[in-house]
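Dear colleague,

I am handing over the structure below, with the sequence beside it. Once you have had a look, please read on for what was found in it.

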Amino acid sequence: MAAWLAGSSSKLAHSAARRLAGDLRRRGPDPWLLSSSTMPARGQLAGDLRGFCSVRRFAGDSTAATAAEESENEFAGGDLQQVVDFPGGKLSFVGEMNFVPESQRERIKCYRVLDDDGGIIYSSRFQEVGKELALKMYSNMVTLQIMDTIFYEAQRQGRISFYITSNGEEAINIASAAALSADDIVLPQYREPGVLLWRGFTPQEFANQLFGNKMDYGKGRQMPIHYGSNRLNYFTISSPIATQLPQAVGAAYSLKMDKKDACAITYFGDGGTSEGDFHAALNFAAVKEAPMIFFCRNNGWAISTPTTEQFRSDGIVTRGQAYGIRSIRVDGNDTLAVYSAVHTAREMAIAEGRPILIEAMTYRVGHHSTSDDSTKYRPADEIEHWRTARDPISRYRKWVQGNGWWCDAEETELRNSVRQEILQAVQAAERIPKHGLAELFTDVYDQVPSNLHEQQRSLLDIIKKHPSDYPTEVNS
Amino acid sequence: MAAAAASLHATAAVSKSRSAAIPQVATSVRVAAASRGPGSARARGGLVVARAAAVKDEAADTNSGGHEVLMFEALREAMIEEMTLDPTVCMIGEDVGDYGGSYKVSKGLSEMFGDLRVLDTPIAENSFTGMGVGAAMKGLRPVVEGMNMGFLLLAYNQISNNCGMLHYTSGGQFKIPIVIRGPGGVGRQLGAEHSQRLESYFQSIPGLQMVACSTPYNAKGLLKAAIRSENPVVVFEHVLLYNMKEKIPDEDYICCLEEAEMVRPGSQVTILTYSRMRYHVMQAVKTLVNKGYDPEVIDIRSLKPFDLHTIGNSVKKTHRVLIVEECMRTGGIGASLRSAIIDNFWDELDAPPMCLSSQDVPTPYAAPLEDATVVQPPQIVAAIEEICR
């Protein structure tokens, strides 16, 4: 290799060659040099963590490698100050191969405002929240929690076919929603019904969608929990993971065209960041300077896949810089921290016309869905710990109560009245009939085309001929 | 059964005005075969190599007004007119901005409308199609260009799961007035991956509408109609047809998305075709007419849904059907069309409906092999002779 460098015409190569030749003399023959005619013995390679032209292939002792690097740098650094321009801009270059390490020494710090006992951490800076807003956030979080309990039970009783809870992520849901404006466009994954709740979707409207009845805005077309409301700027949920990310870029783009004082926000989990759409959407948003927020709920689990098997990066926040996106990591179980982070991110996104990435650390207390039993792949006491000791609602309540804004009596009253309201909503939704067959063929296109009229006619004919084979509610 | 052939004019939302000025019978465009006479065709063993280089046919130029354009210019005119008319129309794709698009359909557009309305995207088809869906849901009318239809296989997730479905699953709350367009089909030795017929794969997606243009006139008309439509429309162009020349009207016109085009009225047999195969059919028709046949040629144009009204009327007249398509034998548009004809017009048929399709092989590079994978005029002649026996 030294010979190759010496033969090269550039001054840089010559000086590097001289230096390397000097190094070689100091260290003796290097068994790993590619130009060497002797192949290194297997045993030797296992310990050799630096090759001239090769990446560290063996996950060996990294401290030894770092030490070796540092000693080399002392010799090499500083004498090459030239600058070269390649497409993309000027680069200064260096004669040492400094591989950017696969991870930083220290993980990116997590923004937090409330400690575990609901007290404001002394040095924290945050967006102030007044009593009215604080209580609205609190009561929405409680409502979301009770909604989840009752709807989950309804599924277990066989009254609805499917449900997904947001247990443990109430702070993420409500606090992020509270920091947005009604004009901000929300593109959710499926664990963010709290955002819709905040905006005014009633328990009855939720229940109607779950039962797929006539009052469901989706007209019974989608599975439970696939809510959508054009009126509340909440895009209808679509099952495939991360498809909403590039769509959010498109929505933000439309806001930019209209020069609106609003942003788009899209939610996704840690698992969703493995999808190709995540990568491309972040890239697009950065290149197109889209005013939007990418909100990642890192709750530790993608069904049964823990984050240790989902990616090898330091979570999701580190990836933002790779795309040129400003990012922050926040304690997702801290209501005030989430509120502040989204509030600030939104201002930046709109004022500067750029995307912001927020990674909210949290824990998925519930199962992935009603089709999952997470005790199969994680310890029950871990779940219990997060459900109780790390519950975002009780932590926030301590702060609210500490301010004298809330008391136990109000707590009981709130929980009772919310529970009643939701139970009634379920009972009412259960009784509302489903749509008739006429709505099977509408909305495929803006108007029903003749081939679908045809199919509808055939179907109705068959039902008329064999009425006993079809449910009685099926009518035209 | 035959009575079931209802009109598709029920989907009236899209069709507005239709220009009556187009000559229905004689096309003003002719495909010039690479061979210059019958001799050389025979020398090649009967295979006519039709490289679609357009030649203007002076005899058919009967319009008083109008201006001559190439196909890509006609598409460009459609874009310019619609973007001028409606500020929500925008264009998204790779290299569509300053570069003007791989086939120059968007040439000059970014100077005219700014680079916010003519968006260059990174290479991520699923993403920029998804971006188009998101923008459409918020009220824009994006025209998404796939550099080649084959690349849109990467966008299949967004096209099927979201584009086609979101209007339905949202209960009609969100509409997706997106247009997805791009060149496909077997071209000039572009290799298997760049010679795909995506209409085969997309035809099942509910909620999607598909059209294929074949002349500058219908290209401009269909693209304009697609942009104005409230539904997601995929417009299939063909790599070999971008330099097709034709005189088109000066005034504003659109073509109905659900209508087929009568290319040559006849009485003996109905030939249904679309896109580039229209030209192979018309070439075969010359031979057939000389042999005394009288075929009726219909360019179906609307691939989803089929214009069973026009097709039905023709079948009732001729009682014999040949479908000539560029899709593969298995699972192509022809397969579905044949099925629809059998379902609806069985009683009218005097012979089994025949379908000529491409071979079920990846398209090879070498020219003679490539030509052998698609339907050539002599096959069409032989098929007609067989049907009319």
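**What was found**

Between chain A and chain B the count of salt bridges is zero, whereas the search for polar contacts across the interface of these two chains, with both residues at pLDDT 80 or more, finds 16 residue pairs. Please keep in mind throughout that this is a predicted model.

On the side of chain A that touches chain B, helix 9 (244-258), helix 10 (276-288) and helix 16 (450-465) of chain A each supply at least two residues. Helix 9 of chain A gives the largest share of that side, namely nine residues. Sorted by kind, the residues with which chain A touches chain B comprise 19 nonpolar, 17 polar and nine charged ones.

As for the extent of the contact, 45 residues from chain A and 49 residues from chain B take part in it. The size of an interface is often given as the accessible area lost when the parts come together. For chain A and chain B the buried area is about 3900 Å², and 62% of it lies on carbon and sulfur atoms. Of the area that chain A buries against chain B, 18% is supplied by A:Tyr253, A:Phe284 and A:Tyr445, which is more than any other three residues supply.

Turning to the nonpolar cores, the largest has 80 residues, and those with the most contacts inside it are A:Phe294 and B:Phe202. If neighbours within four places in sequence are set aside, B:Phe202 is in contact with B:Leu152, B:Tyr156, B:Ile159, B:Leu208, B:Met210, B:Val234 and B:Phe236. Another core, of 73 residues, lies apart from the largest one, and among its members are A:Tyr190, A:Ile237, A:Ala345 and A:Ile358.

Why is B:Ala284 classed as buried? Buried means under 20% relative accessible area, and B:Ala284 is counted as buried because its relative accessible area is 0%. Leaving aside its neighbours within four places in sequence, B:Ala284 is in contact with B:Pro377, B:Ile380 and B:Val381. B:Ala284 and B:Ile384 are 100 residues apart in sequence, while from C-alpha to C-alpha they are 9.5 Å apart in space.

With best wishes

How values were computed: Residues numbered from 1 in each chain as written. Chains lettered and ligands numbered in written order. Predicted model: local features only at pLDDT ≥ 70, side-chain atom pairs only at ≥ 80, totals over all residues. Heavy atoms only, no water. Contact = heavy atoms within 4.5 Å. Buried area = accessible area lost by both parts, 1.4 Å probe. Salt bridge = Lys/Arg side-chain N within 4 Å of Asp/Glu carboxyl O. Polar contact = N/O pair within 3.5 Å; in protein donor to acceptor, adjacent residues only side chain to side chain. Helix = DSSP H or I, 4+ residues; strand = E, 2+ residues; numbered from the N terminus. Nonpolar A, V, L, I, M, F, W, Y, C, P; charged D, E, K, R; others polar. Core = buried A, V, L, I, M, F, W, Y, C linked by side-chain atoms within 4.5 Å. Buried < 20%, exposed > 50% of the residue type's maximum accessible area, 1.4 Å probe, protein only.
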